[in-house]
Amino acid sequence: ALAGAVRCLGLNQPYLGNFHSYQLISASMTRFFVREHFTDLLNPKLDILVNGAPGLHLHYYPVVSLVAALPIAAFGGPPELWGRLQAILFSLGTVLLIYLLGARMRDRLFGLLACAFYAFSPISVIYGQSFMNEAAGVFLVVLALYAFVRARDGGGAGCVFCGIAAAGLTLITRLNGFYLFLPLLAIRAYGTNGWQGRKITGWFLICLCIGILPLVWYGYTWFAAQHDPHVYNCMFPQLGRQAPKAGWDPDFLGVLAKTIATLDFTPLGLSLLLIGLVVGLPGRQNRWLYVWFFGVLFTFFLIPQKIKDHNFYTLHLVPPAAFFIAGAVQWAWNKGPAQWKPVARQAAACIAILLALAWSARYFHNPVAKSVLDENQGVREAAIETQTIVPQGATIVAARGSANCLLYYSDRKGWDFDLIPPKEVPYQMLFRWRFLSPEEVEKRSAAFLDPKQWLEFLRSEGAEYFVIATPQELERNTDFRDYLLSHYPQITPPGD
């Protein structure tokens, strides 16, 4: 209940603040699902135009957008409420599953401690109320592993089916969840009697079943990328761009260490984690938790740039770590340093819990959903003004960084725009031009690197309005500002 109350503080806030662009992308796909009456579920759409039509977002399947769209279609209400509510429910579902896993592995107190550390981890609080795939992805991982633990303990075919379905959904929701195959192997083949190699065959069969749904989805996205000119993004252009050797970059290691020590576990939580990894958990059948924890950690070194740019990937490390932290607290309570008296050990355990909770408390009183930068709030206000000025159906161009907010809250379609000339054409743009002739790609590339030429090209594509949320945006490129003001009339909202 307390975990839910903490997350509900920002329940009906706009999609601004922390990683607002990602939340607005989810919200845009939700709106298309509802407006199209769920007739095109395999082609999630965005407000950004690609070759004259709404771009198709085929990088992952937006499970959370579909989940939020269902109650909006059935009951109406503010989209922000349903978007954040689904994240809260998925996050609380993970809390419950961690408790059930802990109670099954040791006892109820152990489960309660583990779920408490996950519930109040700063990163869990942040993404437990954000309209993104993170909360759902972690929930599906924990659900899959819980189901397979139940199956190992005699839960029957229903648990296996549930685990396969949850694992398959995990891989289309967040592909970095592929690490779950490692703890699954440990659950299947390493039990109270040690290593049981004969069960590897069953593991392979389960993996094949898990792979059916991801194979269908990613096979479809690959096919669409080869034939549909309106695909905005998909997974395949990014493959090979995450060099594993970059995982040893000092910048990456520094960012990872800082994120783990602050957002994931807090400094005290990290200390308890290290103690828990050393003192361990009793029972061979629980050693799969080590595989889970280090399997997640290993994936970070495969996607170093993602970790540097997006701290939400590290949320996947918190569920397995929560069990080791709980083990450390129980160890300190029951055993601890031999020279300590029982009262001192118990007091130390209580102080550790309270200090870790206090570190997370700033996210209770100032939730990330309310941590709105003034410039983001100004962009939303500009989007609302755009609704009154720009006719319905007209297309707009908006500066990159504010484009998703302007397009979503103005309910208009259009393009994002780089005010600062890029040094090279990004691979995402080259992917969207993949059906063009080499001569046309070269022509567009030259225009893209010059904001004035690119604006004229977008006009030829049908752009009708160039929307600037704040005057400060134009100051980033005074040459383009002078060109814009000298060639086009200005429309100023009333009262400005």
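Is Cys 8 buried, exposed or partly exposed? Select Cys 8 and show its surface. Cys 8 is partly exposed, because its relative accessible area is 34%, and that value falls between the 20% and 50% limits. Keep in mind throughout that this is a predicted model.

**Stop 1: the whole protein**

Zoom out and switch to a cartoon view. The protein has 25 helices and eight strands. Now colour by burial. Of the 496 residues, 52% are buried. Next, think about contacts between residues at least 6 apart in sequence. Of these, 73% join residues at least 24 apart.

**Stop 2: the cysteines**

Select every cysteine. How many disulfides does the count come to? The count is zero. Take Cys 159 as an example. Its nearest cysteine sulfur belongs to Cys 162 and lies 7.1 Å away. A disulfide needs two cysteine sulfur atoms within 2.5 Å, and Cys 159 is in none. Cys 159 counts as buried, because its relative accessibility is 14%. Cys 8, by contrast, is partly exposed at 34%.

**Stop 3: two loop residues**

Select His 37. It sits in the loop between helix 2, residues 20–35, and strand 1, residues 45–50. Look at its backbone. His 37 is not a glycine, yet its phi is positive, at about 55 degrees. Is His 37 buried or exposed? With 64% relative accessibility, His 37 counts as exposed.

**Stop 4: a serine inside**

Select Ser 65. You will find it in helix 3, residues 63–75. Its relative accessibility is 0%, so Ser 65 counts as buried. What does Ser 65 touch, apart from residues up to four places away in sequence? Show side chains for Ser 26, Met 29, Thr 30, Phe 33 and Phe 131.

**Stop 5: helix 4 against helix 7**

Select residues 79–105 for helix 4 and residues 134–152 for helix 7. Their axes come within 9 Å and cross at roughly 25 degrees. That angle is why helix 4 is roughly parallel to helix 7. The crossing of helix 4 and helix 7 is left-handed.

Now show the side chains where they meet. On helix 4, the residues include Phe 90, Leu 97, Leu 101 and Arg 104. On helix 7, they include Phe 139, Val 142, Tyr 146 and Arg 150. How do the residues of this contact between helix 4 and helix 7 divide? There are 14 nonpolar, three polar and two charged.

**Stop 6: helix 9 against helix 14**

Select residues 181–189 for helix 9 and residues 288–300 for helix 14. Here the axes are 8 Å apart, at an angle of about 170 degrees. That angle is why helix 9 is roughly antiparallel to helix 14.

Leu 182, Pro 183, Ala 186 and Ile 187 come from helix 9. They meet Trp 288, Val 291, Trp 292 and Gly 295 of helix 14. This contact of helix 9 with helix 14 has seven nonpolar residues, one polar and no charged.

**Stop 7: Phe 300**

Stay on helix 14 and select Phe 300, which is found in it. Phe 300 is buried, because its relative accessible area is 1%. Which residues is Phe 300 in contact with, leaving aside neighbours within four places in sequence? Select Phe 252, Leu 256, Ile 307, Tyr 313, Thr 314 and Leu 317. Then draw a distance from Phe 300 to Phe 252. These two are 48 residues apart along the chain, and their C-alpha atoms are separated by 9.6 Å.

**Last stop: Asp 416**

Select Asp 416 in strand 7, residues 413–417. Is Asp 416 buried or exposed? Its relative accessibility is 13%, so Asp 416 counts as buried. Finish by showing what it touches, leaving out residues up to four places away in sequence. Asp 416 touches Ile 48, Tyr 232, Ala 398, Arg 400 and Ala 403.

Terms used:
Residues are numbered from 1 along each chain as its sequence is written. This is a predicted model: local features need pLDDT of at least 70, side-chain atom pairs count only at pLDDT 80 or more; totals for chains, interfaces and linings use all residues. Side-chain values use heavy atoms; hydrogens and water are left out. Axes are lines fitted to C-alpha atoms, for helices over the stretch in contact, and angles run from 0 to 180 degrees between N-to-C directions. Helices (H or I, at least four residues) and strands (E, at least two) are DSSP runs, numbered from the N terminus. Angles under 35 degrees count as roughly parallel, over 145 as roughly antiparallel, 65 to 115 as roughly perpendicular and the rest as oblique. A crossing is left-handed if the near helix is turned anticlockwise from the far one by less than a right angle, and right-handed if clockwise. Contact means heavy atoms within 4.5 Å. Ala, Val, Leu, Ile, Met, Phe, Trp, Tyr, Cys and Pro count as nonpolar, Asp, Glu, Lys and Arg as charged, and the others, Gly among them, as polar. Buried means under 20% relative accessible area, exposed over 50%, partly exposed in between (1.4 Å probe, protein chains only).
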